[in-house]
Amino acid sequence: MTLTEKVESRPRPLVAGNWKMNGLKSALGEALAVDKALAAEVSPIGAEVMICPPATLIMVMAELVGEGSVTVGAQDCHCAVSGANTGDISAEMLADAGASAVIVGHSERRADHRETDRLVREKARAAHRAGMQAIVCVGETIGQRQADLTLEVVARQIAGSLPDDATADNTIVAYEPVWAIGTGLTPLVADVADVHAMIRQRLCERFGEAGIAMRVLYGGSVKAANAAELMAVENVDGALVGGASLKAADFLGIIEVYRTQTVP
Ligand code: PGA
């Protein structure tokens with residue numbers, strides 16, 4: 001199946017850039033360059049494009065790209081609406097700043113801030129409460145993969161991290177093997193296919209029709225050189241991109257695969 005045929009039978013894919021703790025005001029030009037390049041396309045890109053900058057840049061980036069081709073997301077939120085939580089940011093605040101989505105449960109937050117499935121689920125619920133989409137991340141560590149626990153671990157994360165109110169409109173899943181993030185390593189295409197098939201099955205069992213339509217992204221060392229191959233995998237509905245989303249040219253190279261006619 002070509003990527004074009006695949007895309008036609010699925011919900012609109014999403015290519016989301018996760019800038020992590022990178023980017024000062026001087027980096028806003030990269031987001032603007034992506035927006036401008038997409039707006040100038042004669043043949044439209046068959047994917048939604050999002051950038052999730054650090055919280056400090058959300059408002060100004062959202063104003064810059066306006067109603068253009070790029071939407072703006074956030075990288076984390078607190079579960080509460082407001083309160084005595086110094087340094088935290090609520091989902092409502094992110095939405096107020098112009099974010100339409102928020103990444104929750106990224107492995108860096110699970111590892112560095114000891115975030116549990118339960119907390120991630122609460123954060124996803126907070127995103128929904130604020131009218132935003134939750135991009136819920138799951139993925140195994142290298143130790144878990146070597147111990148052949150990948151499917152078990154990811155299934156447990158899916159069960160525990162997704163709230164009951166998840167729909168295809170308000171929730172996006174991102175499968176990101178921890179060992180593939182920022183390392184240049186990627187799983188074999190067959191392994192990506194296995195994990196995504198299992199995720200799809202679990203989503204369908206729990207959410208019925210919504211589980212079929214819910215987008216499941218792949219993330220972990222996605223770059224222009226491997227994007228076509230990874231995005232063509234069944235049940236892969238886009239990408240969550242870290243390092244290669246920081247520069248407009250790199251990010252556009254990935255987005256470009258959604259205009260490619262044929263894929264191996
Ligand atoms: P990477 O990061 O593309 O730099 O591997 C992906 C992510 O952590 O979302």
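Helix 8 and helix 9 cross in a right-handed sense, meaning that the near helix is turned clockwise from the far one by less than a right angle. Welcome to a predicted model, where local features need pLDDT of at least 70, side-chain atom pairs count only at pLDDT 80 or more, and totals for chains, interfaces and linings use all residues. Residues are numbered from 1 along each chain as its sequence is written, and side-chain values use heavy atoms, leaving out hydrogens and water.

**Helix pair**
- The axes (lines fitted to C-alpha atoms over the stretch in contact, with angles from 0 to 180 degrees between N-to-C directions) of helix 8 (residues 150–161) and helix 9 (residues 189–207) come within 10 Å and cross at roughly 35°.
- Contact (heavy atoms within 4.5 Å) involves residues including Leu151, Val154 and Ile158 of helix 8 and Val195, Met198 and Arg202 of helix 9.
- By class, this contact has 9 nonpolar, 1 polar and 3 charged residues.

**Ligand site**
- Around the ligand sit 13 residues, the closest being Lys20, His106, Glu176, Gly182 and Ser221, with a heavy atom within 4 Å as the criterion.
- Gly242 places a backbone N or O atom 2.8 Å from an oxygen atom of the ligand.

Conventions
Polar contact = N/O pair within 3.5 Å; in protein donor to acceptor, adjacent residues only side chain to side chain. Helix = DSSP H or I, 4+ residues; strand = E, 2+ residues; numbered from the N terminus. Nonpolar A, V, L, I, M, F, W, Y, C, P; charged D, E, K, R; others polar.
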